Amino acid sequence: MRVVYEDNHLIIVYKESGEIVQGDKTGDLPLSEIVKGYIKEKYHKPGAVFLGVVHRLDRPVSGLVIFARTSKALARLNDMFRRGDVHKTYWAITKNAPPNPMGTLTNWLVRNTKQNKSYAYDKEMPDSKKAILNYRLIAHSENYNLLEIHLLTGRHHQIRCQLSHMGCPVKGDLKYGAKRSNPDGSISLLSRRVEFTHPVSKKQIALNSPLPDDVLWHDITENVENHHSD
């Protein structure tokens, strides 16, 4: 576990692909429990440690995850996420280039809970939810493209589903149409940056995620414009 930011009210950590943010039916140790253990040990806390989960990342996705360390921060962060006041930037590596170097995708997603998958449609369908994102092609290598994505809505598997619908499935994402898996079981989708006003101190927080430990990520991001890098 890598801590990217920490204070009395928040802790922001880098999640590896394959880790789960919160406990689920697999029974695997979730990131939330690892973070609690870290806080307990570092601050010699007796008894149970409070840690609030405010958002999640899909298991095969890596990048920044924000946790609340106090109930006050949790309540305020929950409100901020609901209002869209926490700005998250994602990076996705795709084999196919998008039809345009930048654009807005608007689809209606229908979630199939049995399959744990969402399906994208170009018009409203029964039980569908509107999904909107902006994307921009920010770098490419000989074989791959790097897209920067800003979510305007937060839907189940939204980026994976909408990029696939556009004809650009995320590298390694077999569920959404990639031709082959990544050797480590990850998909090439990264929660790259978070920007928000601290819920208690009101200072501006803007943090970039480390890159996954994968040569492709380091090669393709060398070409990204400087203002996106640390």
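I note that the model is predicted.

I listed the buried residues of H3: Gln158, Ile159, Arg160, Cys161, Gln162 and Leu163. I then looked up what these buried residues pack against, and found S5, strand S6 (102-112), strand S7 (117-121), S8, S9 and strand S10 (189-197). After H3 comes Gly167, and I read its phi as positive, near 95°.

Next I turned to the largest nonpolar core, which has 26 residues. Val35, Phe67, Ile149, Leu163 and Leu189 touch the most other members. I checked which elements give two or more residues to this core: strand S2 (10-15), helix H1 (31-42), strand S4 (62-68), strand S5 (87-94), strand S8 (129-140), strand S9 (145-151) and helix H3 (158-165). H1 supplies the largest share, 3 residues.

Setting aside neighbours within four places in sequence, I found Val35 in contact with Met1, Ile11, Val13, Leu51 and Phe67.

Last, I consulted the annotation. An unreviewed UniProt entry gives "domain: Pseudouridine synthase RsuA/RluA-like" for residues 9-165. I looked up this span in the model: its end C-alpha atoms lie 39 Å apart, and I noted 21% helix and 37% strand for residues 9-165.

How values were computed: Residues are numbered from 1 along each chain as its sequence is written. This is a predicted model: local features need pLDDT of at least 70, side-chain atom pairs count only at pLDDT 80 or more; totals for chains, interfaces and linings use all residues. Side-chain values use heavy atoms; hydrogens and water are left out. UniProt positions are given in the numbering used here, feature names are shortened, and annotations may be inferred rather than shown by experiment. Helices (H or I, at least four residues) and strands (E, at least two) are DSSP runs, numbered from the N terminus. A nonpolar core is a set of buried Ala, Val, Leu, Ile, Met, Phe, Trp, Tyr and Cys residues joined through side-chain atoms within 4.5 Å. Buried means under 20% relative accessible area, exposed over 50%, partly exposed in between (1.4 Å probe, protein chains only). Contact means heavy atoms within 4.5 Å.
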